[in-house]
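Visitor: I have a model open and want to learn how to read it. Where do we start?

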Amino acid sequence: MIAQYGYSDGSGEFYVTIDTDRCDGCGACALACPGGVLAVLPEDPHDPFRAMPVAVVREEARQKIKYVCRPCQLPEARLPLPCVAACPAAAVGHSWTALSGRLP
Ligand code: SF4
Ligand code: SF4
């Protein structure tokens, strides 16, 4: 399942996605994230039948993706993004990386 966290507004789309079929909850993305955006929960909150650890976007960050992901923008874009580069399962995605790699 693709768990999608974020929102769109007049300035763009700001979504972080976690492919929960690929994610094994190793935590590498959360360790690599300079914004404290990601965390690992002991069970998937979106799938009550799957009792395995999984990465999520912290609840307090979900409506602020445009801002909390700024550490990867300044002073210049870090590509690949730290969370994407750290994930051995290619389970992390961002709505803006498919376009230019930079936040609007
Ligand atoms: S883009 Fe940067 S701040 Fe945002 S979740 Fe990934 S590593 Fe964290
Ligand atoms: S690095 Fe990848 S596999 Fe590990 S917890 Fe994060 S999303 Fe899941």
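Predicted model: local features only at pLDDT ≥ 70, side-chain atom pairs only at ≥ 80, totals over all residues.

Visitor: How many residues make up the largest nonpolar core, and which have the most contacts inside it?

Guide: In soluble globular proteins, nonpolar side chains tend to be buried together. Here the largest nonpolar core has 22 residues. Those with the most contacts inside it are Cys29, Val37, Leu38, Ala55 and Cys83.

Visitor: Which elements give two or more residues to this core?

Guide: Strand S2 (12–19), strand S4 (54–57) and helix H2 (65–68) do. S4 supplies the largest share, 4 residues.

Visitor: Leaving aside its neighbours within four places in sequence, what is Val37 in contact with?

Guide: Val37 then touches Val57, Arg58, Ala61, Val68 and Cys69.

Visitor: Now the ligands. Which residues come nearest to ligand 1?

Guide: Cys33, Gly35, Cys69, Cys72 and Cys83, out of 14 residues around ligand 1. That shell divides into 12 nonpolar, 2 polar and no charged residues.

Visitor: And which come nearest to ligand 2?

Guide: Cys23, Cys26, Cys29, Ala55 and Cys87, out of 15 around ligand 2. The shell of ligand 2 has 12 nonpolar, 2 polar and 1 charged.

Visitor: Last, the loop. Is Ala90 buried or exposed?

Guide: Ala90 has 10, so Ala90 counts as exposed. Ala90 sits in the loop between helix H3 (82–86) and strand S5 (92–94). Check its backbone too: phi is positive, about 50°, although Ala90 is not a glycine.

Terms used
Residues numbered from 1 in each chain as written. Chains lettered and ligands numbered in written order. Buried ≥ 20, exposed ≤ 12 C-beta atoms within 10 Å, placed from the backbone. Near = placed C-beta within 6 Å. Nonpolar A, V, L, I, M, F, W, Y, C, P; charged D, E, K, R; others polar. Core = buried A, V, L, I, M, F, W, Y, C linked by C-beta atoms within 7 Å. Contact = placed C-beta atoms within 7 Å.
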